[in-house]
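Please look at the sequence and the structure below before reading on. The briefing that follows takes up strand pairing and then the packing of side chains.

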Amino acid sequence: MTRELDNIDRAILRVLQRDSSLSQRDLAEAVGLSQNACWRRLRALRDEGVIVGQGVRLDPHKVGLGLTVFMMVRTRHHSADWLAEFRRTVLAIPEVIDFYRIAGDYDYMIKVFARDMVAFDAVYQRLISKIDLETVSSAITMEAIADNRPMPV
């Protein structure tokens, strides 16, 4: 980013995180700007990469994905070639929603949405059959208390 965000930029980002489907007029009104001034700021936020996309959030249960699992992965391998293959393998699994390299006892954390335990086991089997991993530990969620909260800008 080339410039510091000001209070108006932050207000735009807060409003958009709550509802990105607002019209430009409604967004401008919500942050106290004219439509043209709001449009210029919105364009700048996109051009600078502060806003990196726009999408629709789905209720996983209502689309048949009632099981959320966090997989914690530890590996003995840390070469660039192994990492490239691991990334390709994980990203080729459509049930993988989020994928992080982390610090601590594990090396990676993978968030999976699956239909049920049988579907999750198929994801697990697909992963371990294609890549050498030291340890995989899975935590099955019981309730999403806070999920995809807005960033505190």
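In which sense do strand S2 and S3 pair, and over how many bridges? Strand S2 (residues 96-101) pairs with S3 in the antiparallel sense, over five bridges, where strands (E, at least two residues) and helices (H or I, at least four) are DSSP runs numbered from the N terminus, and two strands count as paired if DSSP finds at least two bridges between them. This is a predicted model, in which local features need pLDDT of at least 70 and side-chain atom pairs count only at pLDDT 80 or more, while totals for chains, interfaces and linings use all residues. Residues are numbered from 1 along each chain as its sequence is written, and side-chain values use heavy atoms, with hydrogens and water left out.

**Strands**
- S2 and S3 form a hairpin with six residues between them, and Gly104 in the turn has a positive phi of about 120°.
- Val96 stands opposite Val112 in S3.
- S1 and S3 run antiparallel and are joined by seven bridges, with Lys111 in S3 as the bridge partner of Phe70.
- S3 is largely enclosed by the rest of the structure, because six of its seven residues are buried (under 20% relative accessible area, with a 1.4 Å probe and protein chains only; exposed is over 50%, partly exposed in between).

**Nonpolar cores**
- A nonpolar core is a set of buried Ala, Val, Leu, Ile, Met, Phe, Trp, Tyr and Cys residues joined through side-chain atoms within 4.5 Å.
- The largest nonpolar core has 20 residues, of which Phe86, Ile110, Val112 and Leu127 touch the most other members.
- Strand S1 (67-74), helix H4 (80-91), strand S3 (108-114) and helix H5 (117-130) each give two or more residues to this core.
- Another core, of 13 residues, lies apart from it, and includes Ile12, Leu13, Leu27 and Cys38.
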